[in-house]
Amino acid sequence: MTALSQKLRQLTQLQSVLFERSYNPTSQHTGARFLRARLRGPSMLRYYPQAVPKRDLRALAWEMNWVDVAEEARLDDLAALKRRGKGAPRKIPSDRKKARAALKAAAAAEEAKKGGGAARK
Amino acid sequence: MPNIRILRDVAVRKGVKAHEVARRAYLACARNQALEPAVRYQAQLQLNNFGRYTRPTVVRNRCTVSGKGRGVIGEFGLSRYQFRLAALAGQLPGVQKASW
């Protein structure tokens, strides 16, 4: 090692101390570049355009007092039909719904019986 | 309505974002030549233990309309066919059909 190269090395060492740089004469991999690089997740998530959920849109419309003219007209027509007795027929309750209603009625009857007994006592 | 390929890609992107910091830390340890070989090996093992949906290389820029993975024109994020449809419909400012 010549005197000049040794001097240069000392110089870089001193520089690294003075300017708070890491002294790495052998260019060892330190993994610092993985820590230095920006995080890519947030921009990755922004690639696909975000769809606004229908519920939010409806809430926004309500807030902003937007009126859907066609929808209003449709509802008005339906109301008019119903007033004239020309609305959609009543739905026949499904078997499951009937069973549930029967159960509920039985439970209510039971409750009433109990409550009535307690009152009489 | 996005199709399943887009939804899966979005799931990957979410996973990448959620685990990015931890992955980076392990990666830096594994690549740091100043550390003990055993430590670096353990860090690499931890890296390998992350799920598939946390790896940034699994993310692919798909067509934002059709979800196609190939033939996507990056500037518009559209596959070549969706690009043609949008361009002919005049939805892409500055894009003209060439003729010579």
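Visitor: What share of chain B counts as buried?
Guide: In this predicted model, 17% of the 100 residues of chain B count as buried.

Visitor: Which secondary structure elements does chain B have, and in what order?
Guide: Chain B contains three helices and two strands. Along the sequence they follow the pattern α-α-β-β-α.

Visitor: How do α1(B) and α2(B) pack?
Guide: Helix α1 of chain B, residues 4–31, and helix α2 of chain B, residues 37–49, pack at an angle of about 145°. Their axes are 8 Å apart, and the crossing of α1(B) and α2(B) is left-handed.

Visitor: Which residues make that contact?
Guide: From α1(B), the contact is made by Arg23(B), Tyr26(B), Leu27(B), Cys29(B) and Ala30(B). On the side of α2(B), the residues are Val39(B), Arg40(B), Ala43(B), Gln44(B), Gln46(B) and Leu47(B).

Visitor: And how do the residues of this contact divide by class?
Guide: The contact of α1(B) with α2(B) has seven nonpolar, two polar and two charged residues.

Visitor: Where is the kink in α1(B) centred?
Guide: The kink in α1(B) is centred on Glu20(B) and amounts to about 55°.

Visitor: Which residues of α1(B) are buried?
Guide: The buried residues of α1(B) are Asp9(B), Val12(B), Arg13(B), Gly15(B), Val16(B), Tyr26(B) and Ala30(B). Tyr26(B) and Ala30(B) also belong to the contact with α2(B).

Visitor: What do those buried residues pack against?
Guide: They pack against α3 of chain A together with α2 of chain B.

Visitor: Turning to the interface, how many residues of each chain are in contact?
Guide: In chain A, 15 residues are in contact with 20 residues of chain B.

Visitor: What is Val65(B) in contact with, leaving aside neighbours within four places in sequence?
Guide: Val65(B) is in contact with Leu78(B) and Gln82(B).

Visitor: Among contacts between residues at least 6 apart in chain B, what share join residues at least 24 apart?
Guide: That share is 37% for chain B.

Definitions and conventions. Residues are numbered from 1 along each chain as its sequence is written. Chains are lettered from A and ligands numbered from 1 in the order in which they are written. This is a predicted model: local features need pLDDT of at least 70, side-chain atom pairs count only at pLDDT 80 or more; totals for chains, interfaces and linings use all residues. Two residues are in contact if their C-beta atoms, placed from the backbone, lie within 7 Å. Helices (H or I, at least four residues) and strands (E, at least two) are DSSP runs, numbered from the N terminus. A residue is buried if 20 or more other C-beta atoms lie within 10 Å of its own, exposed if 12 or fewer, and partly exposed in between; C-beta atoms are placed from the backbone. Axes are lines fitted to C-alpha atoms, for helices over the stretch in contact, and angles run from 0 to 180 degrees between N-to-C directions. A crossing is left-handed if the near helix is turned anticlockwise from the far one by less than a right angle, and right-handed if clockwise. Ala, Val, Leu, Ile, Met, Phe, Trp, Tyr, Cys and Pro count as nonpolar, Asp, Glu, Lys and Arg as charged, and the others, Gly among them, as polar. The bend at a residue is the angle between axes fitted to the seven residues ending there and the seven starting there.
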